[in-house]
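The sequence and structure are shown first.

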Amino acid sequence: MKGKGGALDRRSSARWRVLLLCAFCFGLGMLFTDRFWTAPDTSNHVMSQRRRQDQELQVISEDGNTKRKHGEDKDIMGEVTRTHEAIQSLDKSISTLQMELAAKRSTLELLRSGGSPVTAETSQPRKKAFVVIGVNTAFSSRKRRDSVRETWMPQGEKLQQLEEQKGIVIRFTIGHSATSNSILDKSIDSEDAQHHDFLRLDHVEGYHELSAKTKIFFSTAVGIWDADFYVKVDDDVHVNLGMLATTLARHKSKPRTYIGCMKSGPVLADKNVKYHEPEYWKFGEEGNKYFRHATGQIYAISKDLATYISINQPILHKYANEDVSLGSWFIGLEANHIDERNMCCGTPPDCEWKGQAGNVCVASFDWSCSGICKSVERMKDVHSRCGEGDSAVWSALI
């Protein structure tokens with residue numbers, strides 16, 4: 001019994017030693033590795049959730065900022081557009097004020113120098129108008145004038161009503177002969193007493209004086225009418241007044257406007273050709289072309305440009321060709337050159353086809369004749385085939 005009990009004590013003692021050794025090793029391992037078991041850190045979990053929420057809020061915020069940015073971009077574009085319109089309107093207003101001041105100075109200078117135009121209308125205050133149309137004519141062109149009167153130019157009371165109701169003034173422009181009170185001048189006086197459709201200019205008539213006549217026409221017209229536009233047209237050109245008014249109205253808000261069929265023909269140095277340019281050397285080498293300018297059959301300029309001509313006419317250079325001269329006066333200015341191709345349609349069938357297609361022409365003529373060939377005989381035919389109708393000008397939006 002005693003022997004068995006001793007054996008049990010020894011086994012029990014060995015087990016305890018093994019358990020103590022295991023506990024000792026476990027404690028020693030924990031001591032050296034410093035890896036203690038801890039409960040999950042709830043604060044880290046909360047922080048990660050907050051990070052995710054912050055990220056989601058940032059995405060939402062960025063998305064909102066993006067939408068706001070797109071809205072702001074639209075607002076900015078709207079502001080840019082409105083600013084541009086305001087600047088353009090201000091530019092027009094400044095130009096108009098300068099024009100009015102210059103016109104008064106010009107009128108005073110004309111009166112002081114005794115160079116006021118030969119017309120009874122100059123003693124009256126300036127009349128408001130939308131457009132003043134000067135039909136360039138000559139002493140020998142009575143039949144041409146009559147062909148215009150019988151077609152596109154209203155007569156009598158209708159001419160006066162057109163001026164009063166629509167602000168469209170139309171006059172044949174002519175100067176005087178080299179001899180005072182000649183039979184030529186008396187003939188024009190008689191014709192004017194019958195039709196009341198002339199604007200007499202302080203100018204000696206002559207084909208080679210067209211540039212001077214152009215300057216005097218604009219200066220005279222500016223002194224009589226306060227118009228938005230001034231138009232020069234030859235008496236062998238067919239015009240649709242309603243389409244002309246509509247075309248000009250589209251450019252009414254623009255300052256310093258120069259409208260017509262822009263071209264750039266060759267500078268002709270040969271003395272034996274029709275449009276010889278004596279000052280060809282000013283345009284560089286032989287064979288060069290002119291600067292871009294409106295063809296002379298018909299063109300329009302805004303009142304600020306017309307006033308510029310009126311003020312500066314004594315120092316504006318005159319080239320041999322009137323249309324070149326006009327273009328040269330605007331070379332150094334901030335002028336808006338507007339190329340309107342419906343101001344230079346051909347005669348039928350060209351203008352007729354365009355009218356049938358809905359593109360009614362402002363003016364029609366033959367390039368080969370610099371006007372309608374045999375206009376006295378053909379003006380009525382061109383008017384019947386290419387005319388817009390008598391009511392068009394009265395319904396034109398100006």
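The model is predicted: local features need pLDDT of at least 70, side-chain atom pairs count only at pLDDT 80 or more, and totals for chains, interfaces and linings use all residues. Residues are numbered from 1 along each chain as its sequence is written, and side-chain values use heavy atoms, with hydrogens and water left out.

**Cavities and pockets**

Rolling a probe the size of a water molecule over the atoms shows where empty space is left. On a 1 Å grid over the protein atoms alone, a cavity is a set of points where a 1.4 Å probe fits but cannot get out, and a pocket is an open set with protein on both sides within 12 Å along at least five of seven lines; lining residues have an atom within 4 Å of a point. Grid points are joined across faces, edges and corners, and a volume is the space filled by probe spheres set on the points. In the lining classes, Ala, Val, Leu, Ile, Met, Phe, Trp, Tyr, Cys and Pro count as nonpolar, Asp, Glu, Lys and Arg as charged, and the others, Gly among them, as polar.

Across the whole structure, two cavities of 30 Å³ or more are found. The largest cavity is lined by G134, N136, T173, L210, K213, T214, F217, K232 and E322.

The largest pocket has 38 lining residues, of which Y207, L210, Y275, E322 and S370 are the closest to its centre. Two or more lining residues come from each of α6, β4 (225–234), β7 (293–302) and α9 (322–329), with β7 providing the largest share, four residues. In the second largest pocket, 17 residues form the lining, and T151, W152, M153, P154 and D390 are the closest to the centre.

| Space | Volume | Lining residues by class |
|---|---|---|
| Largest cavity | about 80 Å³ | two nonpolar, four polar, three charged |
| Largest pocket | about 990 Å³ | twelve nonpolar, 14 polar, twelve charged |
| Second largest pocket | about 310 Å³ | seven nonpolar, five polar, five charged |

**Nonpolar cores**

A nonpolar core is a set of buried Ala, Val, Leu, Ile, Met, Phe, Trp, Tyr and Cys residues joined through side-chain atoms within 4.5 Å. Buried means under 20% relative accessible area (1.4 Å probe, protein chains only). The largest core has 44 residues, and I133, W152, I170 and L248 touch the most other members. Elements giving two or more residues to this core include β1, α4 (157–166), β2 (168–176) and α11. Beyond its neighbours within four places in sequence, I170 is in contact (heavy atoms within 4.5 Å) with I133, V135, M153, P154, L159, L162 and L241. A second, separate core of 27 residues includes V222, Y230, A294 and A306.

Strand β3 (residues 198–204) is largely enclosed by the rest of the structure, because five of its seven residues are buried. Strands β2 and β3 pair (at least two DSSP bridges) in the parallel sense over four bridges. T173 stands opposite L199 in β3.

S375 lies in helix α11 (residues 375–386). S375 counts as buried because its relative accessibility is 2%. Apart from neighbours within four places in sequence, S375 contacts R144, S147 and D236.

Note on methods: Buried < 20%, exposed > 50% of the residue type's maximum accessible area, 1.4 Å probe, protein only.
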